[in-house]
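Here is a friendly walk through one protein model with its ligand. Please keep the structure open beside you as you read.

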Amino acid sequence: MLLAKHTLESGVLMLRGLNMDRQLLISSLIDYAGRNHGATSVVAKGSDGVVVTSDWAEVAQRARRLGAALLGAGVSEGQRVGTIGWNDHRHLEAYYGITGIGAVLHTINPRLHDEQITYIINHAADTIVFVDRDFVEVKDRIAADCPTVTQWIVFDAEYESFIDAAEPLSEWPLLDEWSAATLCYTSGTTGNPKGVVQSHRSIVLQTWATCSGDGHNVNSSEAILLAVPMFHVNGWAMPFASAMAGAKLVLPGPELDPESLIEWINTEDITLSAGVPTIWLGMVQHLQKTDGDIPSLRRIAVGGSAAPRSLMDTLEDEYGVFVSHVWGMTEMTQGSAGRFTHRVERMDRDQQRARQAMAGRELYGVELRLIDEEGNEVPRDGETPGELLARGPWVAGSYFELETPQSHTEDGWLRTGDVATMDSEGYITIVDRAKDVIKSGGEWISSIDLENAAVGCPGVVEAAVIGLTHDRWGERPLLCCVVDVPVEPTTILSHVEQEVPKWWLPNDVVFVDEIPHTGTGKIDKKQLRTSFADHVWSEGGS
Ligand code: AMP
């Protein structure tokens, strides 16, 4: 029985609410989906090319089997269990089986270098690591350097025998909702990767926010295609949200190429998806080249890096797909969302699109604010840039076994490292990563705005802008473009000029075969800066 009255340390008598003492646990999500949406499909393609069609009842049952097998193997509460996998059914079971018994799901990005993977496995002190067949070679190369790992289990017949040997748990253990549930490392461009630990409480709360109307409005009428890798910020909470909502879930395995995505959308009647802009840019180009269509798709969430307005225009005008532009980071998953307010709904399309090109609105649960270099709050006027700070019950308060004195302000806000503007309705516009912003003659140029403007030029498939040193201005922008037909640099610059102040115009345009991306699909500016470190400005550009 809970005490109705409780004396606080200050001596004040607090009257407690008289609700039941039920913890917010991830196991409640899979229990709910298994109980009420047991027959709803979960379709997944493994790296062996086999498509497995199951349902939430089966996922729930197999997760309990996995939980029992892990307990049998000696895994205890708080221990870390790694996964190096694609978006498939076994990885989904691991999401629930590992967390359900109180162990910590450590999702590992397979696109990292061997040294980085070794570093994070050792830092996390993983005990068991599940590996997709595609990454067995990675395991073979690094296993000897990972002394804490007692067992590597391949997501194939080996995994099946591991879980088959166990009887499914009759029920999940009752855990404290503050217990650690997931661990995901964010790849800092400087220093070592930092581990973000989310509790059960945090995951359930952020999943609720994702399902909310102004989040991604995930509900039981949806068929969701997960185009975000499950190793990137817990697949943006979508594997959890699909269970909370009881939605159909499709996990496309390793194939996130445009052709495969279009095929999945059409064969599985997909209504909602989520992924980084690069994926959707590729899909739109493919649809246009092949005269294809995606009639079932109603909405997508796009984030992880800035999405150009031209992408929203094409998706909505030509394919009837509403784009919710979201901003977030490993430290909190989703921090904003792009649903229109009642007022914006009644604006003309141009004004609406201008809002869509922003990075969404502050979502309840993650408070956002901007500060200047002195730490003073910057007005929410949609114009004045400042450093973006965040706080809330699912925002990381610190990192796993790492002192990072600079990561939070003295009064406890997370420093996101992004420079942004915000308006009175909470719409944010990401000007740049603080380290990518170009400082020309003391003024800031947004590389993101230049990239978005360049991508709007016909023939430009992808664009990246970096700042390079310049004798007169300190730094000036260099525009790197991938084109699918020959385009004159002057044509691109005239196009860009319509969208940005004249003094922002890149000094030079270079054409590249490919723009390098990080393991999570963002433009790898560090690599570009290295490649063009010796760039000599052309006569017109100097
Ligand atoms: P990660 O933790 O790997 O997801 O990276 C988070 C970072 O991605 C943020 O701090 C931003 O710099 C960037 N990001 C995420 N969403 C957006 C967006 N919609 N527009 C611009 N940058 C974004």
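## Helix H4 and what covers it

Helices here are DSSP runs of H or I with at least four residues, strands are runs of E with at least two, and both are numbered from the N terminus. This is a predicted model, in which local features need pLDDT of at least 70 and side-chain atom pairs count only at pLDDT 80 or more, while totals for chains, interfaces and linings use all residues. Residues are numbered from 1 along each chain as its sequence is written, and side-chain values use heavy atoms, with hydrogens and water left out.

Which residues of H4 are buried? In this helix (residues 114-124), they are Asp-114, Ile-117, Thr-118, Ile-120, Ile-121, His-123 and Ala-124. Buried means under 20% relative accessible area, exposed means over 50%, and partly exposed is in between, using a 1.4 Å probe and protein chains only. The cover over these buried residues includes helix H5 (136-142) along with strands E5 (80-84), E6 (104-107), E8 (151-154) and E9 (180-186).

## Two asparagines with positive phi

Asn-217 is not a glycine, yet its phi is positive, near 50 degrees. You can find Asn-217 in the loop between helix H7 (200-211) and E11. With a relative accessible area of 23%, Asn-217 is partly exposed.

Asn-234 also has a positive phi, about 50 degrees, although it is not a glycine. Asn-234 belongs to helix H8 (residues 233-236). Its relative accessible area is 4%, so Asn-234 is buried.

## Leu-226 in strand E11

Strand E11 (residues 223-226) holds Leu-226. Leu-226 counts as buried because its relative accessibility is 0%. Contact means heavy atoms within 4.5 Å. Setting aside neighbours within four places in sequence, the contacts of Leu-226 are Asn-87, Gly-235, Met-238, Pro-239, Leu-249, Val-250, Leu-251, Pro-252 and Leu-256.

## The domains

The domain assignment, which is automatic or comes from a database, gives domain 1 (26-356), domain 2 (362-433) and domain 3 (442-541). The centres of domain 2 and domain 3, taken over C-alpha atoms, are separated by 27 Å. Five residues from domain 2 and five residues from domain 3 make up the contact.

Leu-389 sits in strand E21 (residues 386-391). It counts as buried because its relative accessibility is 1%. Leu-389 and Leu-370 are 19 residues apart in sequence, with 6.0 Å between their C-alpha atoms. Beyond its neighbours within four places in sequence, Leu-389 has contacts that include Glu-367, Leu-368, Trp-413 and Leu-414.

Thr-421 is part of strand E22 (residues 414-422). At 9% relative accessibility, Thr-421 is buried too. Leaving out residues up to four places away in sequence, Thr-421 touches several residues, among them Leu-370, Glu-383, Tyr-427 and Val-431.

## The ligand and its shell

Where does the ligand lie? Domain 1 (26-356) and domain 2 (362-433) both give residues to the shell around the ligand, so it lies between them. Of the 16 residues around the ligand, those that come nearest are Gly-304, Val-326, Thr-330, Asp-418 and Arg-433; a residue is near if one of its heavy atoms lies within 4 Å. Strands E16 (328-329) and E23 (428-433) each supply at least two residues of the shell.

Now for the polar contacts, which are pairs of N or O atoms within 3.5 Å; within protein, one must be able to donate a hydrogen and the other to accept it, and residues adjacent in sequence count only if both atoms are side-chain atoms. A nitrogen atom of the ligand is 3.1 Å from a polar backbone atom of Gly-304. An oxygen atom of the ligand is 3.1 Å from a side-chain N or O atom of His-232, and a polar side-chain atom of Lys-522 lies 3.1 Å from an oxygen atom of the ligand. Taken alone, the ligand exposes 500 Å², and the protein buries 91% of that (areas by the Shrake-Rupley method with a 1.4 Å probe).
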